[in-house]
Amino acid sequence: MTEQPDIGWLGDPRVFAVNRMEACSDHVIHADATAALAGGPSAFRQSLNGMWRFSLAARVAARPEGFHAAGFDASGWDQIEVPGHMQLQGFGTNQYVNTQYPWDGVEELRPPQVPENNLVGSYLRGFDFSGAPGGGRVVLTFDGVETAFLVWLNGVFVGYSEDSFTPARFDVTGTIALGTNRLAVQVFQRSSASWIEDQDFWRLTGIFRDVWLEVQPALHLSDLFVTTDLEDDFAAAVLRLRMKLCLPAGGGSVDVSLAGPGGGIVARTSASAADTLDLHLPVAAPALWSAEAPNLYNLLIVLRDADGCEVEAIAEKVGFRRFAMDGKVMKINGKRIVFNGINRHDFDARRGRAVTHEQMLWDVLFFKRNNINAVRTCHYPNQSVFYRLCDEYGLYVIDEANLESHGSWQKGGAVRPDWVVPDGHPEWRDCVIDRAKSMLERDKNHPSILIWSCGNESYGGRNIFEMSEYFRTRDPSRLVHYEGVFRDRRHDDTSDMESRMYARPQEVAAYLEDDPKKPFILCEYTHAMGNSCGGMCLYTDLAERYEMYQGGFIWDYIDQAIATGGEDGRRHLAYGGDFDDRPSDYEFCADGIVTAFREATPKVQEVRALYQTVDLRPGTGDVVLRNRNLFVSTAGYVLRYSLLRDGAEVFAAETMADVPPGGARRVPLDLPECDVPGEYALQCSLRLAAPTLWADAGHEVAFGENVWTVAGDTAAIPPVNLHVIRGDLNLGVEAPGYRAMFARVFGGLGSVVAGGTEFIRRPPRLTFWRAMTDNDRGRHHGFDHGLWATATRYQKIAKVEVDADADEPAILYRFALPGIGVQPAVSYRVGRDGLIHVAASYPGAAGLPDLPVFGLQFTLPPEFDRFRYYGLGPDENYSDRCRGARLGVYDGTVAGNLSPYPVPQECGNRTGVRWAAVTDAGGRGLRFAAEAAPFELGVLPWNAFELESALHPEELPPVCRTVVTLAARQLGVGGDDSWGAPVHAQFLIPADQPLDLRVALAPVGV
């Protein structure tokens, strides 16, 4: 045992564990079988979480010396919560960087040098200890500390460890005392390990996971490796248990029993205790584990001393499953798997990566309820409890080692591996293998883990290849993943599958059509930054076309934004740079499908639909169900179907439809005659027939609809009388119930008054511009398309034509656009039907960049603060993100239509709108009805330029208007990536093609 610490360890990659115990499985020991099966807190464990004394030093040289000594007076020190991060409790600056290292431009370093600016947190905690029954060992465990730390107990040096995300265990049997003890920990923000922990996250520091003592009996199960060996026909299996035991002089015995998912013992065995045991339990007709049907057996291991008394008991959940490469396809229990996956960081807006059990459970329930079947732990091992939840609820997991050195080989997007780590450098080998070992040994008994990952974006080289070989040798029951072989093919066998990030759909298809040697997954795709996830359907459709395409993992799950408002006050979220942290990658930390407060964004609507595993394709009197589940039928679902006419439900019923896994069935539906003219929608959904562990009965798991029109004669509307008022600068028209005024000088409908209320604040303006999304900014949309922003702001009237003497008075405006040789037009006609008919036309012109949007923008007074529409919803949707939307009549508030993106941007759009009404609290307002074709609708309190000028929602100006955008078309939002990927061609608006918007408007509620 090393007696004294050496501060030089921080800069030496060869020193990463001093006096640290070997990694082991994460089983929990209890005093007896009853306690083990109950699953509560272990009587052998003592938590050291809570408030600790704390002192912060800005540099290593300024850290307190001798603070671990028994007589050191820390009464003047601050307090800090453990688990928790130093920075989030006011000690140090929050800093976010992505690929660049946090000291870039501050200090000139190369691996393995450690920055001078290196925060040191010194922690102290006193605790009482009552003793170690049975004469066994006492183990001190730190489940997670960033990034390196020293430990003393009662003034005695205990050990040193790196690797922030796996446990560090120390034997303190000879150091701990009965009664009062003093634990001292010194945590260093930077070490040589920081070069290989360059993940895309906030650079936080501290003891952020649990700290605990375990008193182990003399007869103790120190390690357990559970594997399930299945026959090729899956009709029988053997449960294999490989154990390591600590033995007392008198020996003992081990009893093992296995209970089935429904209860009842299915196998048992016993053996005399030995240093190592390899036990085999045959199991007939095992109920297999999968994400669809997470069947778990209950394994009970009881250790007895020489007198037959129980001294230790372990209860573990066991899942019988086989995951393997079959030919060139990955299969779970013999069936081709498709990962409908997501990447998940540990994160909370206030606690950072110190997430709680409740938050992890919330995440797992969210995944299950939104048809997500797989999680990649980006880019480090999670807490053990997360894997237990995945086992229980049913999620496939790629467990990723804590390794990323992105900034050592990629600079500003350019690949420059001139000083990459770890590569094949011998001094980095052992620490890299240690990270693989620490993850595998802790997590090896979780059936949810199908794939070990060698970390993320660390280029390639011999060390990572040896890491993959360790995984294969130690655990042949799983496959190995590493995306970096795409960048560096020197060791292509590092990864068992071809894995890419952000490849375009057409690139994926090209790989799959070129006789590939490995199956393909996208370990990161459809970058969900801001208003994104457009075109995701082009990826999910690949699973139907190519057997070797096996899904992908959305980047990512949760916005990494930090709460700065109070619990009861306004909630503000900060991102990179907001803490004066430099260097910073600013808002790039916010790319989740849920907010940092775990609120679903509108992107979830699309994800849930594209990931559903049953296709429902209604006709006009039936529905075809295709069950893409591998192991479960649709017998557990209710098929609900409803018939809508013009958005209103006219009929609804339920039935059952049992479609076997992989099967299809046409189900006739008992519907009334659709003989009344109108637009009909047959909507079908599958809902849980009974409550499950993860959702209540009635939860919708799949949806489909079909829309058609029944033509017929409509009742003639008697013509109304119109009164025309000819002014020098304005044309007024009085119609029953309202008066309209058209301004020659100001270029449009300047007034609509009804019941003494003015509905128009300013005349409508043509709009060609939307507030840029994060994706727009990333692809320099403003540079390439900025002339349309200028056209929107600085258009002028070129010509006005008034026809006041016609039976239906009309006025036509033509507009000149700066620098654009085309003149769009807007015409207004007050019809004898009592409506104002509006037509905006863009004639098309060659040589211009694609349009972001084309439509009319109406400005109403702010009291018109709610809207109702008939179109696709309920959440925002765009031309390339509308498969999750459905036809209906929906309500919303204008302020509430601002989607919760950390940076304000284009949001709140609805496609396929037939009509919309924007009203006040009393129902008074304007109604817009589509003529010829549905339009797209946006309703917000701000225009595009106000949205673009704000860096945070709270920076938006006070609400003083309602802005209603009626668009013939809007550009898709895109989302293949957020740093250059274009919107796919079918969702663009070519500038050389004409566009028309036609709507009719009138006041309502007056």
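In this predicted model, Asp646 sits in the loop that links strand E41 (637-645) to strand E42 (648-655). The phi angle of Asp646 is near 55 degrees, a positive value in a residue other than glycine. With a relative accessible area of 40%, Asp646 is partly exposed. Glu457 belongs to the loop between strand E32 (449-453) and helix H5 (462-474). Its relative accessibility is 14%, and because buried means under 20% relative accessible area, Glu457 counts as buried. Most residues other than glycine have a negative phi, and most peptide bonds are trans.

Cis peptide bonds occur at two prolines described here. One joins Val421 to Pro422, with omega at about 5 degrees; Pro422 is located in the loop between strand E31 (414-415) and helix H4 (426-443). Another joins Gly873 to Pro874, again with omega at about 5 degrees. Pro874 lies in the loop that runs between strand E57 (866-873) and strand E58 (886-893).

Helix H2 spans residues 357-369, which makes 13 residues. The distance from its first C-alpha to its last is 18 Å, close to the 18 Å expected at 1.5 Å a residue. The buried residues of H2 are Gln359, Met360, Asp363, Val364, Leu365, Phe366, Phe367 and Lys368. After H2 comes Asn371, which has a positive phi near 65 degrees.

At the level of the whole protein, twelve helices and 64 strands are present. The radius of gyration is 32 Å, close to the 30 Å given by the globule rule for 1006 residues, so the protein is as compact as a globular protein of that length. Along the principal axes, the C-alpha atoms fill a box of roughly 110 × 65 × 55 Å. Of the 1006 residues, 60% are buried. Among contacts between residues at least 6 apart in sequence, 72% join residues at least 24 apart.

The accessible surface of the protein amounts to about 36,600 Å², and carbon and sulfur atoms account for 49% of this area. The side chains include 94 positive and 131 negative ones. The centres of these two sets of charges are 3 Å apart.

How values were computed
Residues are numbered from 1 along each chain as its sequence is written. This is a predicted model: local features need pLDDT of at least 70, side-chain atom pairs count only at pLDDT 80 or more; totals for chains, interfaces and linings use all residues. Side-chain values use heavy atoms; hydrogens and water are left out. Helices (H or I, at least four residues) and strands (E, at least two) are DSSP runs, numbered from the N terminus. The radius of gyration is taken over C-alpha atoms; the globule rule is 2.2 Å times the number of residues to the power 0.38. Buried means under 20% relative accessible area, exposed over 50%, partly exposed in between (1.4 Å probe, protein chains only). Contact means heavy atoms within 4.5 Å. Accessible areas come from the Shrake-Rupley method with a 1.4 Å probe; for residues, only the protein chains shown count as cover. Lys and Arg count as positive and Asp and Glu as negative; His and the chain ends are not counted. The place of a charge is taken as NZ of Lys, CZ of Arg, CG of Asp or CD of Glu. The expected span of a helix is 1.5 Å times one less than its number of residues.
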